[in-house]
Amino acid sequence: MAHVSIAVIDTLRATASKIESDTRYQWGHMGLCNCGFLAQEITKLSKSEIHTCAMQRHGDWTEQLNDYCPTSGLPMDQIIDELIAFGFSADDLRHLEKLSDGQILRSLPIHERNLHYNIKRDVVKYLRTWANLVEDQLLGQIKLLLNEERPELVEA
């Protein structure tokens, strides 16, 4: 699961909103697919720039991630480097491309778990569910101190 941070949560939600409002969503285009929209959000590269980088090697995002080498110097590997540095793992990205992370899917009601990776509304649902899971993990890490534990906070 992605690194637990406010930036990751915000990015997942922003990506979901962009996919939802953009009429150009296209799963077969490396810059306009599930990972493509996330890459646009993080790298600030355009859909065309991402697609051009991806076309220097064969395959969709899953195949590119399988061939990923952080020392290759290939532009697509540099994009993947940025996504990983931001807080996503290669597995997170593979799952995003196919909407296949079991933890995310189990968080949905049973009748909503049959998501199609190339249907825009399903991608949006997956991203928002993922953001909620990461947010729940973040909130679970926060420990509020009671006044008894911090007497200096109690008013006299």
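Predicted model: local features only at pLDDT ≥ 70, side-chain atom pairs only at ≥ 80, totals over all residues.
Colleague: How many helices and strands does the chain have?
Modeller: Helices (H or I, at least four residues) and strands (E, at least two) are DSSP runs, numbered from the N terminus. From that terminus on, the elements run α-α-α-α-α-α-α-α. The C-alpha trace spans about 65 × 40 × 25 Å along its principal axes. The count is 8 helices and 0 strands.

Colleague: What percentage of the residues of the chain count as buried?
Modeller: Buried means under 20% relative accessible area, exposed over 50%, and partly exposed in between (1.4 Å probe, protein chains only). The chain exposes about 8500 Å², of which carbon and sulfur atoms supply 53%; this area comes from the Shrake-Rupley method with a 1.4 Å probe, and for residues only the protein chains shown count as cover. Of the 156 residues, the buried share is 41%.

Colleague: With which residues is W61 in contact, leaving aside its neighbours within four places in sequence?
Modeller: Contact means heavy atoms within 4.5 Å. W61 is among the residues with the most contacts inside the largest core. Its partners, with those neighbours left aside, are M30, C33, C35, G36, A39, I50, M76, I79, I80, L83 and E97.

Colleague: Which backbone oxygen does the side chain of T15 reach?
Modeller: T15 is placed in helix α1 and is buried, with a relative accessible area of 1%. Not counting residues up to four places away in sequence, T15 touches F37, L38, E41 and L127. At 2.7 Å, the side chain of T15 reaches the backbone oxygen of T11.

Colleague: How many residues apart are E135 and R13, the pair that links distant parts of the chain?
Modeller: A salt bridge is a side-chain nitrogen of Lys or Arg within 4 Å of a carboxyl oxygen of Asp or Glu, and the whole structure holds 7 of them. The side chains of E135 and R13 meet in one, at 3.1 Å from N to O. E135 belongs to helix α8 and R13 to helix α1, a separation of 122 residues.

Colleague: Is E41, the partner of K18 in a salt bridge, buried or exposed?
Modeller: The closest N and O atoms of E41 and K18 are 2.7 Å apart. E41 lies in helix α2 and K18 in helix α1, so the pair ties together parts that are 23 residues apart in sequence. K18 is partly exposed at 44% relative accessibility. E41, at 14%, counts as buried.

Colleague: Which residue forms a salt bridge with R128?
Modeller: R128 is partly exposed, with a relative accessible area of 30%. The N to O distance in the bridge is 2.8 Å. R128 lies in helix α8 and its partner in helix α1, so parts 108 residues apart in sequence are tied together. That partner is E20.

Colleague: How far is the sulfur of C69 from the closest cysteine sulfur?
Modeller: A disulfide is a pair of cysteine sulfur atoms within 2.5 Å, and a search of the whole structure finds 0. For C53, the nearest cysteine sulfur is that of C33, 13 Å away. C69 is partly exposed, with a relative accessible area of 30%. The closest cysteine sulfur to that of C69 is in C53, too far for a bond at 16 Å.

Technical notes
Residues numbered from 1 in each chain as written. Heavy atoms only, no water. Core = buried A, V, L, I, M, F, W, Y, C linked by side-chain atoms within 4.5 Å. Polar contact = N/O pair within 3.5 Å; in protein donor to acceptor, adjacent residues only side chain to side chain.
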